[in-house]
There are 4 protein chains.
Amino acid sequence: MIRRGLGKKVWVIAEGYIPAESTGPAPQMISHETACILNTNAEDAELAIFVYFADRAPAGPYRVRVPAERTRHLRFNDLDDPEPVPRDTDYAAVLISDQPVVVQHTRLDSRQAENALMTTMAYPQD
Amino acid sequence: MIRRGLGKKVWVIAEGYIPAESTGPAPQMISHETACILNTNAEDAELAIFVYFADRAPAGPYRVRVPAERTRHLRFNDLDDPEPVPRDTDYAAVLISDQPVVVQHTRLDSRQAENALMTTMAYPQD
Amino acid sequence: MIRRGLGKKVWVIAEGYIPAESTGPAPQMISHETACILNTNAEDAELAIFVYFADRAPAGPYRVRVPAERTRHLRFNDLDDPEPVPRDTDYAAVLISDQPVVVQHTRLDSRQAENALMTTMAYPQD
Amino acid sequence: MIRRGLGKKVWVIAEGYIPAESTGPAPQMISHETACILNTNAEDAELAIFVYFADRAPAGPYRVRVPAERTRHLRFNDLDDPEPVPRDTDYAAVLISDQPVVVQHTRLDSRQAENALMTTMAYPQD
């Protein structure tokens, strides 16, 4: 009954911004931005992520693997190859997968004493 | 004038995470994650839910019924058959219905003194 | 250059809940749930809204007009004909328009001292 | 491997509202509403934005350029030609681009001591 192949191969997140400051215990309450990726396939998915900026050329590709029938909640904070994602900087991201996946975008902002949350499905390119 | 058959039969939530801690009165202010399901059909909808993880095989199916012309705001916190959904653990979910339904995903996070909210439509598979 | 006819005629909000309690000045900080409707047409749009519940038959239709080239940010709190939308109660909503419109769903929750916000595009039925 | 032409040419945000009050340091913590635009094309994108209101004719077009392979996180607070977007006023927005782009909508509300966040993909018109 389990379903395979859910989602699309190209997803876009237009709103990216990792606050440099945080309040509360690490790692849960560190301000972070996440791409939650679900791979429902019987094979691993290999993703290439490109990060776009306001005033310089895109960075990437960042290489990410999501195993078969697994989800990976990828923090942009943790990307460092080929280069880290700068803090307090507007960015956007394009995720390209060799298998269909589903991508949801979340930010936890703990710059102030009480954390704020936001989420949306990323934009699936047909 | 009432409409039938709205939505799709397969929906995906890629971002799942139930905080283990809460602040405030139960049950409203318990940190929770919800799949809000609307069934506009003249017949009950039977759903099978599969929960995916980062590092183990999927759990499920969880069996859920949404009566005809009713909405059910299902807390993942309350799922316990075949097993509870672990707290403080990344997960994702696929909802498969025998009738078209609409699914919206919400989290209330009350780990800190003031609650945070987020919501998005789930991803509808064509 | 202005565009007409944007959107769809049927929209679904699966997550509805108006907190009964609020903190802060009225009307801005009253806990509320809103359907933001944009009518880009040259003619007024007439909507019928049906509200669904967990354990009783749907309410409605509620009749709402959105003038040509105008937006209306409709608070579910303000609906009272044929009946008010109950507080602290799970609901869902279907909006049916005679013209294409765009519908976005927002909740401001001020039960605790600091307000929380969430938003999503409603689900557009093809 | 980088992808071109992602997204659509017409996007709609139905929920617009810039709170007049803020708490915290400028510019990060000023209450604001943002359209995050990603242009994955090899050429600059020229956008015309129309702002709709509850009780008056639409304003615009506002002219905005997003360079090739860049993202622009446009604050509605900063629009002032042909006229500023009023505070504490319901509005909606239509963004029309000469190239495909992706648009995500975010609000940071810092009226109270702790900021609240919300985001959603804008509605892409086919």
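**Chain contacts and nonpolar cores**

In this predicted model, 29 residues of chain D are in contact with 27 residues of chain C, two residues being counted as in contact if their C-beta atoms, placed from the backbone, lie within 7 Å. Two or more residues each are given to the side of chain D that touches chain C by strands E1 (8–16), E3 (45–53), E6 (91–109) and E7 (116–121) of chain D, where strands are DSSP runs (E, at least two residues) numbered from the N terminus. E6(D) gives the most, with 6 residues, and the residues of this side divide into 21 nonpolar, 3 polar and 5 charged; Ala, Val, Leu, Ile, Met, Phe, Trp, Tyr, Cys and Pro count as nonpolar, Asp, Glu, Lys and Arg as charged, and the others, Gly among them, as polar.

Residues are numbered from 1 along each chain as its sequence is written, and chains are lettered from A in the order in which they are written. Local features need pLDDT of at least 70 and side-chain atom pairs count only at pLDDT 80 or more, whereas totals for chains, interfaces and linings use all residues.

Of the 128 residues in the largest nonpolar core, Val103(A), Val103(B), Val103(C) and Val103(D) touch the most other members; such a core is a set of buried Ala, Val, Leu, Ile, Met, Phe, Trp, Tyr and Cys residues joined through C-beta atoms within 7 Å, and a residue is buried if 20 or more other C-beta atoms lie within 10 Å of its own. Beyond its neighbours within four places in sequence, Val103(B) is in contact with residues including Trp11(B), Ile37(B), Leu95(B) and Ala14(C). A second, separate core of 16 residues includes Leu108(A), Met118(A), Leu117(B) and Met118(D).

Definitions and conventions:
Helix = DSSP H or I, 4+ residues; strand = E, 2+ residues; numbered from the N terminus. Buried ≥ 20, exposed ≤ 12 C-beta atoms within 10 Å, placed from the backbone.
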